[in-house]
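Open the structure in your viewer and keep the sequence panel beside it. This tour goes stop by stop. At each stop, select what is named and look.

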Amino acid sequence: MMTTPKWMPQTAIALIGFEGGLAIAYLAMIYTRGEALPLLDLNGLRSLPSWLQAAHLLAIGGLCLVLLRFRQRLAHPVSWFLPSALALLCLYGALDEVTKLHLWLHQVDWKLIYLGLLMAIPVLGLPDLVVIWRHHRGPVLWVLAGVSVFLLGGFGAEAAQGAIASELATHDSSRLLFLGEHLRITIEEFAELLGETLILYGMAIFTQQALPPRHRVPSLHRRTTGG
């Protein structure tokens, strides 16, 4: 039975704690000052949370490229399509996160485009996913949990924006409306960060399990070979 290196869950827990700290700091600044420092703005351009999301996506995309590079040497080989499509989606998402390219799509619902791609890739890559599910169920569950958190938190909070604004407006309190909107932003952005962290964790475990022994993390290789 292959063992997951201890640093993987420890790093994931540390990242989640850091992301939670960013969310709390953002809300605290909004409540006390009425605005967040640009560096800590969860919804800001090239802020620390924005760069962190981009780093998550780059790391996921990088792991997909590693799998693409060694796909024929995996314990259970996959086609070129699935890792290629996921890598392109993640790398574009990272670029979009630090440049806000989607803001240029004024007349297009860019979130529906992302959602459509997220649904199309599993459908087109179904044969590979069936193989991966059979042999690497644990990492797949982590990835699915991350995708669920990302979609429910990110898209759910976005969809609730109008309803929240309408409900809070009946209280005739601009401050309550202001705080409610920033609470929604906090939930949305933290869910996206948390979801990406869980996806990255699942992808890291899968890559560790699927790669040939000589390409794995050295500490794990020593442990599995008895060296």
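**Stop 1: the whole chain**

Show everything as a cartoon. Keep in mind that this is a predicted model. What does the secondary structure come to? The chain has 9 helices and 0 strands. Trace it along the sequence and the pattern reads α-α-α-α-α-α-α-α-α. Now color by accessibility. Of the 227 residues, 39% count as buried.

**Stop 2: helices α1 and α2**

Select residues 7–33, which form helix α1. Two packed helices are described by the angle between their axes and the distance between the axes. For α1 and α2, the axes come within 11 Å and cross at roughly 150 degrees. That makes α1 roughly antiparallel to α2, because angles over 145 degrees count that way. Which hand does the crossing have? α1 passes α2 in a left-handed crossing.

**Stop 3: helices α2 and α8**

Keep α2 selected. α2 passes α8 in a left-handed crossing.

**Stop 4**

Is Y31 buried or exposed? Y31 counts as exposed, because its relative accessibility is 54% and the cut-off for exposed is over 50%. Y31 and F178 are 147 residues apart in sequence. In space, their C-alpha atoms are 9.5 Å apart.

**Stop 4: the salt bridges in α8**

Go to helix α8 and show side chains. How many salt bridges does the structure hold? The count is 2. Start with R184 and E181. Their side chains meet in a salt bridge, at 2.7 Å from N to O. Both residues lie in helix α8, 3 residues apart, about one turn of the helix.

Stay on R184 and turn to E188. The side chains of R184 and E188 also meet in a salt bridge, with 2.9 Å from N to O. R184 and E188 are 4 residues apart in helix α8, so about one helical turn separates them.

Select E181, R184 and E188 together. They are linked in a network of salt bridges.

Which of these residues are buried, and which are partly exposed? Buried means under 20% relative accessible area. R184 therefore counts as buried, at 7%. E188 is buried too, with a relative accessible area of 6%. E181 is partly exposed, at 23%.

**Stop 5: a nonpolar patch**

Switch to a surface view. Select L58, L65 and L91. What do they make? Together L58, L65 and L91 form a nonpolar surface patch of about 240 Å². Trace L91 back to the cartoon: L91 lies in helix α3, residues 81–99. Its relative accessible area is 32%, so L91 is partly exposed. Patches are made of residues with over 30% relative accessible area, and at 32% L91 is above that cut-off.

**Last look**

Key
Residues numbered from 1 in each chain as written. Predicted model: local features only at pLDDT ≥ 70, side-chain atom pairs only at ≥ 80, totals over all residues. Heavy atoms only, no water. Patch = residues over 30% accessible without salt bridge, like charges linked within 9 Å, V, L, I, M, F, W, Y side chains within 5 Å. Areas by Shrake-Rupley, 256 points an atom, 1.4 Å probe, with all protein chains shown as cover. Salt bridge = Lys/Arg side-chain N within 4 Å of Asp/Glu carboxyl O. Helix = DSSP H or I, 4+ residues; strand = E, 2+ residues; numbered from the N terminus. Buried < 20%, exposed > 50% of the residue type's maximum accessible area, 1.4 Å probe, protein only. Left-handed = near helix turned anticlockwise from the far one by under 90°. Axes fitted to C-alpha atoms, helices over the stretch in contact; angles between N-to-C directions. Parallel < 35°, antiparallel > 145°, perpendicular 65-115°, else oblique.
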